[in-house]
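Trainee: I am new to this structure and would like to understand the words used for it. Could you take me through them?

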Amino acid sequence: MENANYETLEGGTVVITIDMAGAPLNVMNDAFGDMLDTVLARLEAERDSITGVIITSGKASFVAGGDVNKILALTQGGAEAGFAFVQALKARLRRIESFGRPVVASINGSALGGGLELALACHHRIAIDDAKSQIGFPEVGLGILPAAGGVVRTVRMLGLMKALPLLTEGRRLAPQDALQQGLVDELASSREDMLAKAKAWIATNPSPRQPWEVKGYSIPGGNMFAPENIGAMSVFPSMIFKKTRGLLPAAERILAVASESTQVGFDAAMLIESRTFAELLMTPVTENLIRTMFLQMNEITAGESRPKGFEKQKVRKVGILGAGMMGRGIAYSCACAGIDVVLKDISLVSAEAGKAYSRDLLDKAVKRGRKTKEDREAILARIQPTILMEDLSDCDLVIEAVFEDVPLKKGIVREVEAVLKTGTIVATNTSTLPISLLAEASANPTNFVGLHFFSPVDKMHIVEIICGKGTSEETLARVYNFVQQIKKTPIVVHDSRGFFTSRVFSVFADEGDRLLKDGVDPAIIENAARDAGMPVGPLAVQDEVMMDMLLRSYKTNRVLDQELGDSYSETYAVCAELCELMCDCGRAGRGAGAGFYDYLPDDGKQLWPGLTEMFGGDKAMDYADVRDRMMYRMVVEAARCLQENVVTSERDGNIGSILAFGFPSYSGGVFQFIRSMGIDAFLARCETLASAYGQRFSPPEELAERLARSNTALIAINP
Amino acid sequence: MTSAYVFDAIRTPRGKGKHDGSLHSVKPVRLIADLLQALERRNRLDTARVEDVILGCGSPVGEQGAAIGKTAALLAGWDDSVAGCQIDRFCGSGLEAVNMAAARVMSGMEDLIVAGGVESMSRVPMGAGGGALFFDPEVMAKANFVSQGVSADLIATLGGYSREDVDGFALRSQQKASAAQRQGRFDGSLIAVRDASGQIVLDRDEFVKPKTTMETLAGLKPSFAKLGEMGMDAVAIAKYPQTLSIRHVHTAGNSSGVVDGASAVLIGSEAAGRDLGLVPRARISAMAIVSTEPTIMLTGPGPAVRKLLAKSGLSIDDIDLFEVNEAFASVVLRFLDDLHVPEEKVNVNGGAIALGHPIGATGGMLIGTIIDELERQNLQRGVCTLCIGGGMGIATLVERV
């Protein structure tokens, strides 16, 4: 049988082992549907001689869920296609459920999305107790909902209150947790144990029925208006809104479908689920999330931006120069990934303090049960604080993370290269300074590269790799692997002032400050940014980053502009102007206890009333303009980066914008923002903004053409 | 057009709406049936002349469900010819009943109707009636629905009302209500609730707290900060981006009390009154219903009264007294700001913060309270108004005859 093995055991139990040909995982697509049809036809034909059915997988995982390419194809096919696809899938699962013989899902590995839905249509679920297996409903993250009965069956099995967090949060549970939540019924220690338990269950349950098929069944906890549920029901929508700001509709719609499913019979509930799938499928958000957060992210994981032809190598030992905020964070991430770390600073006290930072983080992780004491000691043992440059001599990679100062960094590079073995890569962690300029200090610029880490390093899962003029492809390939080795997402950009992420993000702050200077109410500015999906407003962000720091970086850039005949610093001149003004008022930001905000003793904060005195705050401006000035400013700047080949793939720009500075995921990132809206509509809006507020909103002339060209880099749709 | 007159307006005392409240042991249909019997007794009423009993009820389910107007008429032993229904306009239900009754009389189609309401909040708690507006995630998302308490706090935030402002208003409500009780100002319209053997169950509003001070009020915790933190603040701010945070000033002390009670207003034409020997006490001259932005929800009274005045050709200064339901202190403060009404004209005998707000019954109670007070002070015109869920506002103009 194609794509599945059908084996009848002695005693009449059939074992179906799903094994989709030529694929690493079993995913639900048309071929999967055909396979189920074939299996079901044979089962139904042989029903009289069958005593039970065991469904398992021939892969390491059980079933990984819907085929994302299929879902993307459905978005092109229209609502009817989407509805028909899930209705057909539902019908097949319903045949399993009503087969009249016990059917046991033997979950040998991860069961996600559609895989879990298949298991829920079985009468009993046994999972191998492997902590690495994941069981859950990740659909919400792709903007859709479990539509093969997952919402309906989970609610009917567990009750609304237990089901909702599983469905709306997309959490992936280890088998132990899935057992505790009630998603699986039994755990097994091995494949053999799992099959033995399945056989035993079949033997003792010759004619099981789903709970909702039993007469007198009622949903645990009652319907959505039951007294036990209404307290929670009255706050769930706002809890979701607080997280999504109404920009990611899936969670909200899953909540609505799960709730409504309690008001109606099983079949009607299934219909509502399918209709809502079709509705969500057709929202641009779903396509944005699938393209960027799934497919483009997978491309990055697969190394699409990594030069081909270089063998994967692991970094065994890394040297870090400077044990400040960035250096110590990088040390922690490296040590956690099993890399030996030499952490060098000028004084041993500073180097030791850098290591102590890891100890603090690990203590917290141990307290929360995320790491064991043994893990902690092993990780700490990998970090060697030192003041001796010679200790770095046998490192595979050295990352300098000293203060953002050209002569200082150049000096350090010269100093460290003198002791290094040949072939060691020297990386500079900077958010501002041109890599090619720093590379002048290197005896071997081919081995020199920029690695822009984000603060706090342990929480920010992205590293911007900056290729200097001389950086070799091999060096890029090696640091790409290093970034993945420390479990972060690499994006690759070319050396240009501000690189990609800093350049795009700094105009967000700049535009917020321009709005303030224009006299717009600061509360409106902050709320408009958040309504657009930014995690914090532009004023709050400057308070967090500290305006004295921003001002310093501006001054550095201005000096560099003079040296290089450049004008980069002008892109955030108003930000610098306001930072200077605020610093002069003694309000450099949160760290100084005061900035655009007043910081209250109870940990609260409120906008500093002085802002309205200084800037007015009563200028009437269309709310959409306030919002779009901030968003379009970033997107246009990103478009310029694409035009100038600072980024060469939309993928790296999309993922970079989302992970590095919280550009809203619903949009799919800075470039998908344009595609989702339509290039013409985007250009028209830019023109309106440019004529009202200035040429900074004019995208590069060849944008449409450039996007069309890079369209080839977009994922082809293979249904 | 026929005029609609109020011949009588009575109410039960308001019992604390909890399990230890005095009226918790009395079923809602009994509360309202007893009031009907009192109307019959006080007015020597031939009940066969009453054409309909329209009752407001905010949670018209369970023992309050199923056309409780008709049910109460049956329990009261009224003539079989008396029809009955119930209506739900949330907090505006009782006043809506009065307005509907008056409008039907004014239209000439009917001559004598009982309007009012009943709500046993201790027995049929808020939310018991379900409702898509309060619990359906799709509707709630669409309407940026938040708890009324968060709406009240939003009104305070936008209006700049401090905790002291709302507590000060609450204190005055308590002081005015206590004084009114001491002076017996409610006695004429308040019908004691008795058990089957005739013993008194409750004969005075029991929610009033005469010992209230600014200090006791200041000691109460904000009631809606947690809901706000759970996301409702974010939902509200999405509609009101001019604020970054919501000031949670409302507590159990400056919000309306949860109570049990019922009200009944006898409304009819001049001809019906003449036939039955009933003396008109006031005329219902105008009525208004409006709806405003649903997230802030509780700002309806100002626009409702403006519409009422426009319809009746009166100015705000022509109105001698106002009853503005004290759903929350900020609702009344906002009303005062919206219409520039001096506080001295408003809720002179206290309001729902001190006395309680039996949702569907309140509107009928306000009619009785304002007519009693117009008579006591020998004044001419009064306006009753309430804020209502979903953003609505309702108002009624009564004039002494």
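Mentor: Gladly. A residue is buried if 20 or more other C-beta atoms lie within 10 Å of its own, exposed if 12 or fewer, and partly exposed in between, with C-beta atoms placed from the backbone. By that count, 52% of the 719 residues in chain A are buried. This is a predicted model, in which local features need pLDDT of at least 70 and side-chain atom pairs count only at pLDDT 80 or more, while totals for chains, interfaces and linings use all residues. Residues are numbered from 1 along each chain as its sequence is written, and chains are lettered from A and ligands numbered from 1 in the order in which they are written.

Trainee: What share of the residues in chain B is buried?

Mentor: In chain B, buried residues are 61% of the 401 residues.

Trainee: How many helices and strands does chain A have?

Mentor: Chain A has 30 helices and 21 strands. Helices (H or I, at least four residues) and strands (E, at least two) are DSSP runs, numbered from the N terminus.

Trainee: Why is chain A called as compact as a globular protein of its length?

Mentor: The radius of gyration, taken over C-alpha atoms, is set against the globule rule, 2.2 Å times the number of residues to the power 0.38. For chain A the radius is 28 Å, close to the 27 Å that the rule gives for 719 residues, so chain A is as compact as a globular protein of that length. Its C-alpha atoms fill a box of roughly 85 × 60 × 55 Å along the principal axes.

Trainee: And how many helices and strands are in chain B?

Mentor: Chain B has 14 helices and twelve strands. Its radius of gyration is 20 Å, close to the 21 Å from the globule rule for 401 residues, so chain B too is as compact as a globular protein of that length.

Trainee: What makes two residues count as being in contact?

Mentor: Their C-beta atoms, placed from the backbone, must lie within 7 Å. On that basis, 22 residues of chain B are in contact with 28 residues of chain A.

Trainee: Which element gives the most to the side of chain B that touches chain A?

Mentor: That is α9(B), with eight residues. The residues on this side of chain B divide into 15 nonpolar, six polar and one charged. Here Ala, Val, Leu, Ile, Met, Phe, Trp, Tyr, Cys and Pro count as nonpolar, Asp, Glu, Lys and Arg as charged, and the others, Gly among them, as polar.
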